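Me: Hi! Could you walk me through this model once it's on screen?

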Amino acid sequence: MTGGEASPGAPTPSDDSAASAAPDASGHPAAPAAASAVHAAPAEWTKSDRQIRREADLRRQARRSTSVATASTIVVAVLVVALVTASPGWPRVRETFFNPSQFVDAFPDVWRGFLLNVKIFLIAEPLILIVGLVVALVRTLRSPVFFPLRAAAVFYTDVFRGIPTILLIYLVGFGIPALALQGAPSDPVTLGIIALVLSYGAYVAEVFRSGIESVHPSQRAAARSLALSHGQTMRYVVVPQAVRRVIPPLLNDFVSLQKDTALVAVLGPLEALRQASIHASSTFNYTPYLCAALLFIALTVPMARLTDHLAARTTRRQMAGGHL
Amino acid sequence: MSLLTVEDVWKNYHHHSVLRGIDLEVAPHEVVCLIGASGSGKSTLLRCVNLLESIDDGAIHLDGTEITDVRTDPDDVRKRIGMVFQSYNLFPHMTVLDNVTLAPRKVHRVRPDQAEAEARELLARFGLADKAGEYPDRLSGGQQQRVAIVRSLATQPRLLLLDEVTSALDPTLVTEVLSVIRELKDAGMTMIIATHEMGFARDIADAVCFLEGGVLLEHGSPEQIFTAPEHPRTREFLQRVLEAGRL
């Protein structure tokens, strides 16, 4: 697990390949390439001239790649800006989408709305994790007694993954209040959260299920041979390993959920998109939408980077032969 | 009275019988080695004894009660049987200590501090005292397999099943695992050992069984099986093993 992070060329005395390569390293100043040297005790490793030259070449190559990348990025950016600003409609677009005074005017309201998006996200996310994990676990039950539960779980994932999220928000948001049931929620934010939980719960259940199935059956066999019950095997052996494996795809769904909180706007609560559209419709200027977009980006980009980082770490560990 | 009785056990996979009427008796403190080519049914037999596989005919008795009775709770049976696998199957997300104490704590309801004390004692007995806090992937294959043996011993089983426990190991690590098994024999543990280590089987077994194609072709003392096998198939198998330099 520790060896995998070493940069190429860095001395890794504990590394097997480095140790076994030492005795026959031709060009090594301290170990002459004579046959008798094979039996001599390997000397302390000092970088050979050949390796120093190789590393210098690598650095030169890396520098060249960086300059090429920088140059091409600048060229593309300049071309795009030139193309957009030279277009006949640009002055109008600049006025309606990039108006600084409109931006400043709308920002406080959009920001307040955005806090509601964050709140919806923070409430929905834990509920989604619970629903997803429970549904995934129900699907692992094998006993015929649990057939109805298992069938219900399959039905749930099939149906709610199939319905477009915005359609589900309409159905829940207008359908549940229309039932006029005693105690049924009528607050649009609550209804929006219910719809998001139903929709994302189905996705997250599948993510958890794939994680559970990725744990090798021999782990289950080992746990069962120790007389752990199915539930204990899941609780202590399978789920902890499954959750670690699905963290990157789960975070990816979180990123998606963060922006889908804007879909709740169709039910009317004053979240960011709704605030922006109120401003836009009273001024006929779309800059408030840009304002909302920037806020969503500011929230999702750090999450996306974290996801990439964790995914890369998982890959690295798997390549290093580690388990965690 | 025998501890384990396997009576005319059949096991089928998709119209193909992998166990064809196995009969076997194991007395308390007896060490039985199962030999035979891969696919001969050694592992399947062990998995059936542990109820990890259901059988298609016959019966298995442990301590005089039939464990293959459909009303038996498999977990009750497994509490009395330990199993060690070829690929160790340690839980990678737990430390060595947690691997060993999991079943005592969760299944046998031993107090955590007592479970830990007992686990540390066992680990120390098998030269693993300093590994208690390590995660399995930091250990060598031999150490991992010794931890797996300790894990199966922690619940004080009446019978230990060892399924080709040295097959995944580097030859230099095989001896450390075999010496652990030898120590268990000296301590009186009843064991059924599926193995490709003929020298070891000859040395440690009280009885050796040769399996081929799901049939127990020959059952006898190690001297008899290895020096004067009666069945021509046994002779052939041992000849091939000899040619491969494994005896």
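This is a predicted model: local features need pLDDT of at least 70, side-chain atom pairs count only at pLDDT 80 or more; totals for chains, interfaces and linings use all residues.

Me: At what angle do α6 and α7 of chain A pack?
Reply: About 135 degrees, with the axes of α6 (165–178) and α7 (188–214) 9 Å apart. Axes are lines fitted to C-alpha atoms over the stretch in contact, and angles run from 0 to 180 degrees between N-to-C directions. Helices are DSSP runs (H or I, at least four residues), strands likewise (E, at least two), numbered from the N terminus.

Me: Which residues of α6(A) meet α7(A)?
Reply: Among them are A:Leu168, A:Val172 and A:Ile176. Contact requires C-beta atoms, placed from the backbone, within 7 Å.

Me: Switching topic: what is the strand order of the open sheet in chain B?
Reply: β6-β7-β8-β3-β9-β10, with mixed pairing. Two strands pair if DSSP finds at least two bridges between them.

Me: And which strands stand at the edges?
Reply: β6 (81–84) and β10 (215–220) of chain B; each has a single partner strand, so one side of each lacks a neighbour in the sheet. β6(B) pairs with β7(B) in the parallel sense over 4 bridges, and B:Met83 has B:Leu161 as its bridge partner.

Me: How many residues does each chain bring to the contact?
Reply: Chain B brings 18 residues and chain A brings 20. On the chain B side, α3(B) gives the most, with 3 residues.

Key. Residues are numbered from 1 along each chain as its sequence is written. Chains are lettered from A and ligands numbered from 1 in the order in which they are written. Two residues are in contact if their C-beta atoms, placed from the backbone, lie within 7 Å.
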